[in-house]
Amino acid sequence: MKIGIIGAGKVGTTLGQYLKLRGMELSGIYSKTLEHAIDSAEFIGTSYYEKLEDLVNVSDTLFITTPDDMITGVWDYITAFDLKGKIICHFSGSLSSDVFWSKEETGAAVCSIHPIYAFSNKYSAYQQFHKVRFTMEGDDLAVGKMKACWESMGHKVRIIHKQDKAKYHAGMSMASNHVLALVATSVKLLKDCGFTEEEAYESLETLVCENTVNCMKHGVVQALTGPIERNDTATVEKHLSVLSKEDKCIYQNLGKKLIAISKLKNPDRDYKKMEEIIGG
């Protein structure tokens with residue numbers, strides 16, 4: 001397998017470095033911005049290409065690692081080249097393999113691959129990549145080869161249906177990006193109480209990290225604590241009385257979810273008054 005990478009950002013560079021260190025054969029990397037391709041190629045220790053056609057010609061497998069809004073354009077462009085017998089993969093979490101709209105005419109086998117990972121740094125993200133799980137969907141041939149490839153390196157792979165891609169990605173995004181919005185809200189509230197931003201993050205670190213670890217080990221039902229779970233209506237009323245309209249909305253919407261989880265944990269506890277306070 002000779003893998004060519006289209007896109008020299010965080011995803012493409014991380015994949016290239018990780019695969020190279022694992023002994024996979026890379027044919028090279030391409031970016032529409034030549035300087036980016038050169039930089040990533042030097043970091044990975046592979047070739048860079050000024051012309052996309054040249055990379056396509058020397059590769060039997062192509063990884064499209066561009067931003068989502070560029071994937072269709074890349075595909076449309078490379079369909080002018082000979083793709084017969086090649087495997088084409090994109091790495092979008094939200095887009096399905098349907099973006100490869102003319103795959104039958106090209107003779108290529110296609111799939112979408114999503115590494116469940118936050119690519120935070122172009123030059124260091126590869127260091128933790130061995131922990132990553134993948135989801136895939138697409139042609140049986142492409143999925144089969146890619147699944148075997150990543151599993152051979154110790155990764156777990158889950159095959160999903162392409163019609164579930166948007167809902168799947170929404171779930172992943174909420175667990176990743178939306179959590180940051182919630183932390184930002186908490187930091188703001190602490191700063192309102194006189195904390196510096198540094199003190200706010202330091203104060204939240206153990207609370208957030210330990211709660212997350214407990215959640216992942218035991219599930220949300222067993223991990224849940226706090227005033228809503230305890231049915232402490234007086235405390236919840238105090239919380240709501242001091243929040244801004246925007247923050248109160250966040251508290252109430254998430255509170256409704258917490259009541260539902262609390263009922264699972266404490267089926268004999270009456271949460272009717274809590275529901276009235278939260279607005280359920």
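Colleague: Where is the place of lysine 256 in this model?

Modeller: In this predicted model, lysine 256 sits in helix α12, which covers residues 245-265.

Colleague: How do I read the packing of helix α7 and α12?

Modeller: Start with the angle and the axis distance. Helix α7 (residues 165-192) packs with α12 at about 130°, and their axes are 12 Å apart. That angle makes α7 oblique to α12. The crossing of α7 past α12 is left-handed.

Colleague: Which residues of α7 and α12 make the contact?

Modeller: From α7 they are Leu182, Thr185, Lys188 and Leu189, and from α12 they are Asp247, Ile250 and Leu254. Sorted by class, the contact has four nonpolar, one polar and two charged residues.

Colleague: Let's turn to the rings. How many aromatic pairs does a search of the whole structure find?

Modeller: The search finds 13 aromatic pairs. Ring planes under 30 degrees apart count as stacked, and tyrosine 18 with tryptophan 150 is a stacked pair, with 15° between the planes and 6.5 Å centre to centre. This pair links distant parts of the chain, 132 residues apart: tyrosine 18 lies in helix α1 (residues 10-21) and tryptophan 150 in helix α6 (residues 140-152).

Colleague: Are tyrosine 18 and tryptophan 150 buried or exposed?

Modeller: Tyrosine 18 is buried, at 4% relative accessible area, and tryptophan 150 is buried too, at 0%. Both Tyr18 and Trp150 belong to one aromatic cluster with Tyr117, Phe119, Phe129 and Phe134.

Terms used. Residues are numbered from 1 along each chain as its sequence is written. This is a predicted model: local features need pLDDT of at least 70, side-chain atom pairs count only at pLDDT 80 or more; totals for chains, interfaces and linings use all residues. Side-chain values use heavy atoms; hydrogens and water are left out. Helices (H or I, at least four residues) and strands (E, at least two) are DSSP runs, numbered from the N terminus. Axes are lines fitted to C-alpha atoms, for helices over the stretch in contact, and angles run from 0 to 180 degrees between N-to-C directions. Angles under 35 degrees count as roughly parallel, over 145 as roughly antiparallel, 65 to 115 as roughly perpendicular and the rest as oblique. A crossing is left-handed if the near helix is turned anticlockwise from the far one by less than a right angle, and right-handed if clockwise. Contact means heavy atoms within 4.5 Å. Ala, Val, Leu, Ile, Met, Phe, Trp, Tyr, Cys and Pro count as nonpolar, Asp, Glu, Lys and Arg as charged, and the others, Gly among them, as polar. Rings of Phe, Tyr and Trp (its six-membered ring) pair if their centres lie within 6.5 Å; planes under 30 degrees apart count as stacked, over 60 as edge-to-face and the rest as tilted. Buried means under 20% relative accessible area, exposed over 50%, partly exposed in between (1.4 Å probe, protein chains only).
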